[in-house]
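My notes follow the order in which I checked them.

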Amino acid sequence: MSMTDPIADMLTRIRNANRANLRTTDIPYSNLKKGIVEILKEEGFIKNYKVGKNPKGHPIIRVFLKKADGSFKPLNDLQRISKPGRRVYVKGKDVPTVLNDVGIAILSTSKGIMTNHKAKRENLGGELLCKVW
């Protein structure tokens, strides 16, 4: 079965696992997804990730989620912005902030996948993939 939006599927898997208080979730592997998961790890939204294979031998990314302690929840929501039917591009000067810099936006630029903070520093624009807070 082909999938029209694999990034939205990845974000939905992480969101659902987080809401169900699961420790891990598996995502089909791609370099773009690995870049997004790496940013989520660097920014502290997930605990870790590991690239491996599922029982059928297909490559996957296993995402280890952080658990909420008390009132603090490390990952509240993930929102897909640019979709296959409507691509959203921003210029370097128009890169958005997310909830007064509480969250991050993830962009696909000519220099790779990066957060809105790094894109603003380097004055790079690109496709606005998602927002995380």
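These entries go from the sheet to the helices and then to single residues. I keep in mind that this is a predicted model.

**Entry 1: the sheet.**
I looked up the strand order first. The sheet is open, has three strands and runs β1-β3-β2, with antiparallel pairing. Which strands stand at the edges? I find β1 (24-28) and β2 (46-53) there. Each has a single partner strand, so one side of each lacks a neighbour in the sheet. Neighbouring strands are turned by 25 degrees against each other on average, direction ignored.

**Entry 2: the β1 and β3 pairing.**
I then went to one pair of strands. β1 pairs with β3 (residues 59-65) in the antiparallel sense, over five bridges.

Where does helix α1 lie? I see α1 (residues 6-19) across β1 and β3. Its direction is at about 170 degrees to β1. Helix α2 (residues 31-42) also packs on the sheet and touches β1, β2 and β3. The direction of α2 makes about 150 degrees with that of β2.

**Entry 3: T25.**
I picked T25, which sits in strand β1. Is T25 buried or exposed? Its relative accessibility is 12%, so T25 counts as buried, the cut-off being under 20%. I listed its contacts, leaving aside neighbours within four places in sequence. They are R13, I14, A17, I61, R62 and V63.

**Entry 4: α1 against α2.**
For packed helices I want two values, the angle between the axes and the distance between them. The axes of α1 and α2 come within 10 Å and cross at roughly 40 degrees. I noted the hand as well: the crossing is right-handed. On the α1 side, the contact is made by P6, I7, M10 and I14. On the α2 side, I list L32, K33, I36, V37 and L40. I sorted these residues by type and got eight nonpolar, no polar and one charged.

**Entry 5: positive phi.**
Last, I looked up backbone angles. N21 has a positive phi, near 55 degrees, and is not a glycine. N21 lies in the loop between α1 and β1. Its relative accessibility is 53%, so N21 counts as exposed, the cut-off being over 50%. L99 is not a glycine either, and its phi is positive at about 50 degrees. I place L99 in the loop between β5 (89-90) and β6 (104-109).

Notes:
Residues numbered from 1 in each chain as written. Predicted model: local features only at pLDDT ≥ 70, side-chain atom pairs only at ≥ 80, totals over all residues. Heavy atoms only, no water. Pairing = 2+ DSSP bridges. Helix = DSSP H or I, 4+ residues; strand = E, 2+ residues; numbered from the N terminus. Axes fitted to C-alpha atoms, helices over the stretch in contact; angles between N-to-C directions. Contact = heavy atoms within 4.5 Å. Buried < 20%, exposed > 50% of the residue type's maximum accessible area, 1.4 Å probe, protein only. Left-handed = near helix turned anticlockwise from the far one by under 90°. Nonpolar A, V, L, I, M, F, W, Y, C, P; charged D, E, K, R; others polar.
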